[in-house]
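Trainee: I am new to this structure. Can we go through it step by step?

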Amino acid sequence: MEQSGAPPYRRIVEAIRARVEAGELVPGDRVPSTRRITREWGVAMATATKALTALRQEGVVRVVPGVGTVVAEPGRKADGGEAAARRAGGPSEGAQPERRARETDGGLSPERIVRAGIAIADAEGLRALSMRRVAAEFGVSSMALYRHVASKDALVLLMADAAFAEVRLPEPAPVGWRARMEAGARLQWALYRRHPWLAQYLSISRPQPMPRAMAVIEWTVAEVAGTDPVTLLHMAVTLLNHVRATAAGFEDDLEAEQHTGMDRDQWMAAMEPAYEHILESGRYPMYAGIDGTEGDAVTLDTLFEFGLARLLDGMGLLLEGRVG
């Protein structure tokens with residue numbers, strides 16, 4: 001057990017460890033997020049992050065991209081000596097030389113740092129990302145990262161461009177402008193689903209210089225003919241903005257789940273009595289009309305599909321010269 005005078009982050013570590021050892025949390029269960037820790041223990045975000053980092057280093061938890069921080073399987077725990085030293089608040093006998101070696105032997109690289117940043121942002125959201133947090137994944141100081149990446153802003157830009165590098169443009173490409181633009185929109189949608197933070201990071205008012213993202217957009221509108229470059233760019237950005245604005249809900253939902261501890265279905269069920277009370281007034285016929293329909297009647301996916309079809313319909317009229 002930790003002494004009563006232990007630092008706040010160590011008390012949090014031991015409390016979560018106790019839940020695991022008592023069987024309240026089993027391998028694969030999500031552990032409290034940084035936001036939940038700040039509320040439950042009344043600590044700063046930095047303290048919450050430090051606690052989760054210590055639990056990861058001790059092998060109690062691990063990060064699963066797209067899921068969050070979960071209890072690790074017993075086989076993933078650190079071996080006894082190192083874990084005991086960490087629980088005591090200090091490094092194991094050989095840890096410090098190893099740490100210094102990692103910071104000086106070139107083991108870090110921009111590519112490895114970017115991959116680690118993406119894994120953290122995928123699991124916990126972009127707000128959870130910091131240079132200190134990424135450094136903790138490698139067991140080095142923040143300064144070690146700055147030798148490879150100039151700043152957090154530079155890191156996120158590299159992460160976003162690396163994410164777009166995952167997009168595999170179909171070969172052969174779809175025939176026709178509409179099929180091509182629809183395919184490009186769906187490629188972006190799938191990308192934002194894999195990386196919920198990415199849509200909110202992108203900006204159409206202050207676009208970031210990302211060659212790989214630009215390549216996807218160029219490919220998407222490559223079959224549009226008979227229009228000027230300004231109109232073509234408007235078509236490309238309008239389509240992009242529909243996809244990214246709708247997909248921003250992925251990050252919103254991830255953060256809301258971490259904040260409330262409820263997934264979307266659980267949250268909607270909890271809100272149902274309040275909505276029923278509002279609808280009883282009779283002043284909201286549109287909402288009342290869908291009351292009782294399936295829960296997935298209106299989702300991010302249906303909004304994406306509906307908006308995509310209507311946008312392409314309108315662009316078709318524009319290209320046919322029926323609107324101007």
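Mentor: This is a predicted model. Start with the rings: W189, F250 and F304 are joined by ring pairs into a cluster.

Trainee: How many aromatic pairs does the count come to?
Mentor: Rings pair if their centres lie within 6.5 Å. By this rule, the number of aromatic pairs is three.

Trainee: What kind of pair do F164 and Y192 make?
Mentor: Their ring centres are 6.5 Å apart. Planes over 60 degrees apart count as edge-to-face. Here the planes stand at 85°, so the pair is edge-to-face.

Trainee: How many residues apart are F164 and Y192?
Mentor: F164 belongs to helix 9, residues 152-164. Y192 belongs to helix 10, residues 177-194. The pair links distant parts of the chain, and the separation is 28 residues.

Trainee: Is Y192 buried or exposed?
Mentor: Buried means under 20% relative accessible area. Y192 has 0%, so Y192 is buried.

Trainee: Which word describes the pair of W189 and F250: stacked, edge-to-face or tilted?
Mentor: The centres of W189 and F250 are 5.0 Å apart. Planes under 30 degrees apart count as stacked, over 60 as edge-to-face, and the rest as tilted. The planes of W189 and F250 are at 55°, which means the pair is tilted.

Trainee: How many residues apart in sequence are the parts that W189 and F250 tie together?
Mentor: Both W189 and F250 are buried. W189 lies in helix 10, and F250 lies in helix 13, residues 229-260. So the pair ties together parts whose separation in sequence is 61 residues.

Trainee: Which residues does G184 contact, leaving aside its neighbours within four places in sequence?
Mentor: G184 is in helix 10. With 0% relative accessibility, it counts as buried. The C-alpha atoms of G184 and T220 are 4.8 Å apart, although 36 residues separate the two along the chain. Beyond those sequence neighbours, G184 contacts W219 and T220.

Trainee: Within what arc do the buried residues of helix 2 fall?
Mentor: Helix 2 covers residues 34-41, and its buried residues are T34, I37 and T38. They line one face of the helix, because down its axis they fall within an arc of 100°.

Trainee: Which residue follows helix 2?
Mentor: Its phi is positive, near 65°. The residue is G42.

Trainee: Which ring does the charged end of R310 sit over?
Mentor: For Arg, CZ must be within 6 Å of the ring centre. The charged end of R310 is 5.0 Å from the centre of its ring. That ring belongs to F306.

Key:
Residues are numbered from 1 along each chain as its sequence is written. This is a predicted model: local features need pLDDT of at least 70, side-chain atom pairs count only at pLDDT 80 or more; totals for chains, interfaces and linings use all residues. Side-chain values use heavy atoms; hydrogens and water are left out. Rings of Phe, Tyr and Trp (its six-membered ring) pair if their centres lie within 6.5 Å; planes under 30 degrees apart count as stacked, over 60 as edge-to-face and the rest as tilted. Helices (H or I, at least four residues) and strands (E, at least two) are DSSP runs, numbered from the N terminus. Buried means under 20% relative accessible area, exposed over 50%, partly exposed in between (1.4 Å probe, protein chains only). A charge sits over a ring if NZ of Lys or CZ of Arg is within 6 Å of the ring centre and within 35 degrees of the ring normal. The arc is that of the directions from the helix axis to the C-beta atoms. Contact means heavy atoms within 4.5 Å.
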